[in-house]
Amino acid sequence: MTATTALQAEKVTPRHRVRRISDKTIQTAFILPTMVLLILWNIFPLFYSLYLSFTEYSVISGAPPRWVGFENYRNVLSDPLIWKYFALTGRFALLSVGLQTIIGFAMAMIVRAKFRGSGFITTLILIPMMLSPVVVGKFWAMIYNPTFGPLNYLLGMPPPRGPDWLANPEFALWSVVLVDVWMWSPFVMLLCLSGLKAIPEYLYEAAAIDRASAWFQFWRITLPQVAPLLMIAILFRTIEAFKQFDVVMGLTGGGPGDATELIAVKLYRIAFLGRFDTGIASAFAYIVLIIIIAISNLYIRYLNRLRGEA
Amino acid sequence: MATIELRQVEKKFGQLHAVKPMDLTIHHGEFVVLLGPSGCGKTTTLRMISGLEAVTGGHIYLDGRDVTWLHPSERDIAFVFQFFALYPHMTVLDNIRFPLQAQRVPRAEAEKRVSEIVKMLRIEHLLHLRPGSLSGGDQQRVALARALVRRPAAFLMDEPLGALDADLRESMRAEIKRLHIAHNATTVYVTHDQLEAMALGDRIVVMSAAEIQQVGSPAEVYYKPANLFVARFIGSPGMNLISGRYADGIVYLPGDNRYPVPESWRAPLAQSLKDGEVIIGFRPESAYIRENGALAARVYACDMHGAFNMIHLALGDETNIINVRVDRWVTCPVDAPLRFDIDPEAVRFFDPRTEKALRRSEAQ
C-alpha cells in the first residue's frame, strides 16, 4: 500500500487509530526485553561482583559476605604465582596473536587474488572459527594424543617415539598456541581481506606509474591501508587471548603442572573448585578486567592515531 | 622528452571496440589533446599509452622503443589521474617524493628536486598536510608535482581539471600551459572540454565512436572540420549546418534562399556531389547581418553573452535554426526579417552521405 492510501484509510476508519500503538511504545517494547536481560545477566553481576571483591565470601559456605576492604586485592597482587600466570598469559597472547596476525594477513593476501575457487577456499578457511572452542579443544587433544593421535604419525614419529605434546611442559603452551592459531587466524584473515578489498585500485595504478616495486607497494600502500582493520583484529584477538579458557580446558586443563595455567583457567579454579573463593575470585576478575581495558586503550589510542592520519 | 607512436593500436572488449585500430604520432615536446565526448575511447587510448591498459592489437613506441608489452613502470611516463589518485595515508611531502623513493634516488638529490617542484607549484605550505584536507586545486597541484618530480619522458593527463570548479579550472589550465612551456615535455592530455583543448593543445585529436575523427591544430579543427561530427562538436555553439541542394553554382537553401557558391568551391562541389545534396556550414562569427545580404531569415531569438550577442535565425521554417554572432549593441525584435551574408573564406561544405567535408584542390 502506498503512503497516501494508508493515510486515507486511517482517516476514514477511526478504529485503526484506537488500535495503533505509538512509536514510543513500540520502541520500549522492543528494547525492554534486552534491557531486562542485560541488567540481570550483565549489569547486576558486574556491580555485585565488584561488591563481592571487597568481601570474604564463598557461594557454597552459606555465610553472608563479610566486608574486608582491599584485603582480597592485596592477597591476589602479592601472590607470586598469580604474577607467573599473568606472565604466562602475556606470553601466550604474544605468540598466539603474533602468529595469527602473520598467518591471517598472509592468507588474506593469497585469497585476495581472484582465482578459480578463491571464494570456496575462503569459506573453507573460515570453518575453524565457526566451531565450538570446547569441541576444537577435545579433537585437537585427540590429534595430539601420543598413542593414537595422527599428528605424530604425520611427523614420521609413530607411537613409542613421538612426544606427548600436551603432557610435555616444554611443548604444552606451544600446542595450545597452535590450536588457537589454527582456530583464529581465519578471523584475522577475514578482517584483513575486507581491508585489502577496500583499497582502491587507482592507488596501485598510481604506484605502478610512480615505478614502485611490488615490495615497495606492499610496505607503503597495502600495509598502511590495511593497518586500521589489522589493528582491530589484533585488538580483538588480544582481548580474547587474555580471556582464553575453553580451548585450554579442552586440551590440557591448565597442565601439565601449571604449564598452561592461563589467568582465566586460574580464575576458574579459584571461583569454582575447592573452596569456591568467590571474594578472591571477584577481585582477581576485576584485576584482569582492568588490565584488559588498559591494553585495549593502548590499541585504541594507536588505532585513532592511524585513523587521524589516514 | 619523447616521441610517442601508435601503430594500429586497438582495444576490444569482447566483440566491442573501445578503440578502433588507430595510428598517431606525438612528436617530441608536443602538447597533444585527445578530445571527444565521454565513451569515445580517449581515456582508453591514454591508458594504453601508459600501460595501465593492455592493447588488444597494434604497437606502441616510445622514442622508437617498442613498449607495447612493458609494465607502466618500465615506460618512463607520468600519469595525472582525473581524481588525483593521491596516497591518502601519506602527507603531501611523502606523496611527492614517493616516486623518488621508489626509485631509490639519493636523499639529498630527492630533497632538492622536491623543493624545486613545490616552489614552482606554490605548495610549500601544504607539505605536512594530508591530501584529504586539501582543496581540489591543491590536490591537483600535488598530483602534478608528483608527476613532475620524476622528470619522465612524457606526461599523460586524464582530464586533470575535470574534478575542479569552473574558475579554478581556468587558472589551473594556465598553470599547466606554463608548466609545459617551462619543461617542454611531450604531453598527452585527455579532455571532453573543447575550450580546454583549444587553449592547451599544439594539436588536437578529435575522437568519437572509438575512432579518430580529425587530427589538427586548434585552428584547423575549428575552421576546417574534417566531417560533420567535428563541425558540431567543436565550438559552442557548434558550426551552423544547413542542408541544401547544389546546382550550377547555387546552393538552394530552405526558405527559398539561394546561396551563390564562391568561385573556388564550384568545381569541387560539382565533382564530388552525386545528386547535388549538400550541407553548408559556417561558424556563428562568419556570418554578417547586412541589409542587402544574400540570404533571408527571420529572428527566432536573440540573447546576450556579455561580450557579444547571439542571434538565432530561422531559415524558412523553424527546423533550420542558425546562430549568428553580432556585436553586443545589436539587438533584434523577435520575428523581424533579416538578411545576412556568409564570409566566403569561412564557408564549408559537407557531403551528407559520407558526412565528410569537401575539399578545395588549392591550398587548404
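These legends go with close-up views of a predicted model.

**View 1. The open sheet of chain B has five strands.** Reading across the sheet, you meet the strands in the order β13-β12-β11-β14-β20, and the pairing is antiparallel. Look for the two edge strands, β13 (257-260) and β20 (348-350) of chain B, which each pair on one side only. Going from one strand to the next, the twist averages 40 degrees.

**View 2. Strand β12 of chain B shows two faces.** This strand covers residues 250-253. V251(B) and L253(B) make up its covered face, while I250(B) and Y252(B) sit on the uncovered one.

**View 3. Two hairpins share strand β12(B).** Start with β11 (residues 240-247) of chain B, which pairs with β12(B) in the antiparallel sense over three bridges. Two residues lie between these strands, and D248(B) takes a positive phi near 50 degrees in this hairpin. Next comes the hairpin of β12(B) and β13(B), with three residues between the strands. Here G255(B) in the turn has a positive phi of about 75 degrees. Four bridges join β12(B) to β13(B), and the two run antiparallel.

View 4. To find one of the pairs, pick out G281(B): its bridge partner in β20(B) is R348(B).

**View 5. Chain B touches chain A.** Each chain brings residues to this contact: 17 from chain B and 17 from chain A. On the chain B side, the elements giving two or more residues are β6 (77-80) and α2 (92-102). α2(B) gives the most, with three residues. Sorted by type, the chain B side has eleven nonpolar residues, five polar and one charged.

**View 6. I239(A) sits in helix α11 of chain A.** The helix spans residues 214-242. Is I239(A) buried or partly exposed? I239(A) counts as partly exposed because it has 16 C-beta neighbours inside 10 Å, and a buried residue needs 20 or more. Apart from neighbours within four places in sequence, I239(A) is in contact with I292(A) and S296(A). G253(A), 14 residues from I239(A) in sequence, is 20 Å from it in space, C-alpha to C-alpha.

Note on methods
Residues numbered from 1 in each chain as written. Chains lettered and ligands numbered in written order. Predicted model: local features only at pLDDT ≥ 70, side-chain atom pairs only at ≥ 80, totals over all residues. Pairing = 2+ DSSP bridges. Axes fitted to C-alpha atoms, helices over the stretch in contact; angles between N-to-C directions. Contact = placed C-beta atoms within 7 Å. Nonpolar A, V, L, I, M, F, W, Y, C, P; charged D, E, K, R; others polar. Buried ≥ 20, exposed ≤ 12 C-beta atoms within 10 Å, placed from the backbone.
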